[in-house]
Amino acid sequence: MTAPDYDDLYRDAATNSPPWEIGRVQPALAAVLDEAKGPKVLDAGCGTGTLALALARRGHQVTAFDVSRVAIDAARKKAAAEGLSVNFQVKDATQLSFPEAPFDSIFDCGLLHNLYRHGGAAEYLAALPNLAAPGATVFVEAISAAAGYDWKLTEEILRATFTGPQWTNTRIDEAEIDAQVDGEQLSLPGLLLRTIRAAA
């Protein structure tokens, strides 16, 4: 399957938003926002910044990235309109480095499952341990293989990926992931992972 052109997807948002742009934080992640450690938080694959802004409202120092410059431009406008300070950056998830690292919490809402579909998961996962401070919490919400189509992530894959010696206290729960396609509200089976970066 060919990777989508995310800039094109976001340019069309006025008439047909990307399915994951639902105008609010995914419910499963909204329920754990108060578990975020701080002050420094990374939002990986932030889109137009809905999650990043929610974290900034809670007083976190948020760095957020997306591969789409169009999405980042929209996120910066939203932050400015609210008077919020978020460090939005255009970055490829397969080539990550941040002078702000390490982070106290990392949120991934839909990035990893797309990398598993289109390539780049190995490079992204290799970078994560260096981005997370010892004791940092990492949250990953992903559509699961149970949704069919070409979704590939399973609980078994996540457990094998987020294991010792780098990760500890890994917990994976079933979650419903909301999407919007052509004005229709959808709910897809997903997974919510929480794990802690082990001490060096």
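This is a predicted model: local features need pLDDT of at least 70, side-chain atom pairs count only at pLDDT 80 or more; totals for chains, interfaces and linings use all residues.
Two strands are taken as paired if DSSP finds at least two bridges between them.

Select the seven strands, which form an open sheet of mixed pairing in the order E3-E2-E1-E4-E5-E7-E6. At its edges lie strand E3, residues 86-90, and strand E6, residues 167-181, each of which pairs on one side only. Looking along the sheet, one finds a twist that averages 15° from one strand to the next.

**From E1 to E3**

Next, select strand E1 (40-44) and strand E2 (61-66) together with helix H3 (residues 50-57). E1 and E2 run parallel and are joined by five bridges. Within this pairing, Lys40 stands opposite Gln61 of E2. The path of the chain leads from E1 through H3 to E2, a β-α-β crossover that is right-handed. Strand E2 is mostly covered, with five of its six residues buried.

Return to H3 and display its surroundings. Helix H3 packs on the sheet and touches E1, E2, E3 and E4; its direction makes about 155° with that of E3.

Asp92 is to be selected in the loop between E3 and E4. Because its relative accessible area is 33%, Asp92 counts as partly exposed. Its side chain makes a polar contact of 2.8 Å with the side chain of Thr94. For a distance across the model, pick the C-alpha atoms of Asp92 and His118: the two residues are 26 apart along the chain, and these atoms are separated by 13 Å.

Select strand E4 (residues 103-109) and strand E5 (residues 132-143), which pair in the parallel sense over six bridges. Cys109 stands opposite Glu141 in E5.

Now centre the view on Ser105, a residue of strand E4. Is Ser105 buried or exposed? Its relative accessible area is 0%, so Ser105 is buried. A polar atom of the Ser105 side chain lies 2.6 Å from the backbone nitrogen of Lys37. Apart from neighbours within four places in sequence, Ser105 is in contact with Ala36, Lys37, Lys40, Val41, Leu42, Ala136 and Thr137.

Continue to helix H5 (residues 111-118), which is mostly covered, six of its eight residues being buried. The buried residues in H5 are Leu111, Leu112, His113, Asn114, Leu115 and Arg117. After H5 comes Gly119, whose phi is positive, near 105°.

Helix H6 (residues 121-131) is the next selection. H6 lies across E1, E4, E5, E6 and strand E7 (184-197), and runs at about 145° to E5.

**The nonpolar cores**

Which residues have the most contacts inside the largest nonpolar core? They are Leu112, Tyr124 and Phe162, in a core of 30 residues. E1, E4, H5, H6, E5, E6 and E7 each supply at least two residues of this core. Show the surroundings of Phe162: leaving aside neighbours within four places in sequence, Phe162 is in contact with Leu112, Leu125, Leu128, Val140, Trp167, Thr170, Leu193 and Thr195.

**Arg194 in E7**

End the tour at Arg194, in strand E7. Why does Arg194 count as buried? Its relative accessibility is 13%, and buried means under 20%. The side chain of Arg194 makes a polar contact of 3.1 Å with that of Glu35, and another polar contact, of 2.9 Å, joins the side chains of Arg194 and Asp173. Beyond residues up to four places away in sequence, Arg194 touches Val32, Glu35, Val138, Phe139, Asn169, Thr170, Arg171 and Asp173.

Key:
Residues are numbered from 1 along each chain as its sequence is written. Side-chain values use heavy atoms; hydrogens and water are left out. Helices (H or I, at least four residues) and strands (E, at least two) are DSSP runs, numbered from the N terminus. Axes are lines fitted to C-alpha atoms, for helices over the stretch in contact, and angles run from 0 to 180 degrees between N-to-C directions. Contact means heavy atoms within 4.5 Å. Buried means under 20% relative accessible area, exposed over 50%, partly exposed in between (1.4 Å probe, protein chains only). A polar contact is a pair of N or O atoms within 3.5 Å; within protein, one must be able to donate a hydrogen and the other to accept it, and residues adjacent in sequence count only if both atoms are side-chain atoms. A nonpolar core is a set of buried Ala, Val, Leu, Ile, Met, Phe, Trp, Tyr and Cys residues joined through side-chain atoms within 4.5 Å. A crossover is right-handed if, with the strands pointing away from the viewer, the path from the first strand over the helix to the second runs clockwise.
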